[in-house]
Amino acid sequence: MNTGFRKGTPLLAIGIFCILPATTPALAVPLDNDPNGFEGIPWGTLLAEMERFVRVEDAGRLQTYEQTQQTPALGTIPVDSIRFTTFEGKFGRVTVRYSGDETHERILTYLQSTYGPLDQTPGQITVGPVKVYAWHGFHTEVALRFEAGAARGIIFIESLTLPEKLSDGTSATVF
């Protein structure tokens, strides 16, 4: 009997329906002073040619690097990890992972001071177990996702000008 659904489709639909209410996205705000890169490294830079980076993953078109002799920190805030991703050799994404409510508050303050204030209009402030914040510029996009129950966050700082970023297959919501 053909019901029109592929095997597993109803469970997927139910799973998506259950997850959506748990996520509260904040509307993206314009990014003040788009840096066109991260911490002085312009998008498109060849990280393989810089001694301060070591490759930790090689997935063909995508390669991931970490800084060689530096404790991971966003500004002055210690974080669990910072990874730099290249697309066909060109720098295009930074992924920052962190944990702890206090760290989250410090990072949120840092991101607002660096990229611009969030929209604090009533109804735009995020609430719930998963909080999502975003800043959009001409060259750069910043997205933060924080799971309050697990007290862990992930930040993606990405180039909007490298088309390869759109086809890399990673999800902006995975830890």
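**Ground rules.** I worked on a predicted model, where local features need pLDDT of at least 70, side-chain atom pairs count only at pLDDT 80 or more, and totals for chains, interfaces and linings use all residues. Residues are numbered from 1 along each chain as its sequence is written, and side-chain values use heavy atoms, with hydrogens and water left out.

**Aromatic pairs.** I looked up the ring pairs and found six. Rings of Phe, Tyr and Trp (its six-membered ring) pair if their centres lie within 6.5 Å; planes under 30 degrees apart are stacked, over 60 edge-to-face, the rest tilted. Tyr115 and Trp135 make a tilted pair, with 6.5 Å between centres and 50° between planes. Tyr115 belongs to helix 2 (residues 101-115) and Trp135 to strand 11 (residues 130-136), so this pair ties together parts 20 residues apart in sequence. Helices (H or I, at least four residues) and strands (E, at least two) are DSSP runs, numbered from the N terminus. I noted both Tyr115 and Trp135 as buried, meaning under 20% relative accessible area (1.4 Å probe, protein chains only). I also found a cluster of Phe38, Trp43, Phe53, Phe84 and Phe91, linked by ring pairs.

**Strand 6.** I checked burial in strand 6 (residues 62-67): five of its six residues are buried. Strands pair if DSSP finds at least two bridges between them. Strand 5 (residues 53-59) runs antiparallel to strand 6, with six bridges; Asp58 stands opposite Gln63. The two strands form a hairpin with two residues between them, and Gly60 in the turn has a positive phi of about 75°. Strand 9 (residues 81-87) is also antiparallel to strand 6, over four bridges. There I found Phe84 as the bridge partner of Tyr65.

Technical notes
Buried means under 20% relative accessible area, exposed over 50%, partly exposed in between (1.4 Å probe, protein chains only).
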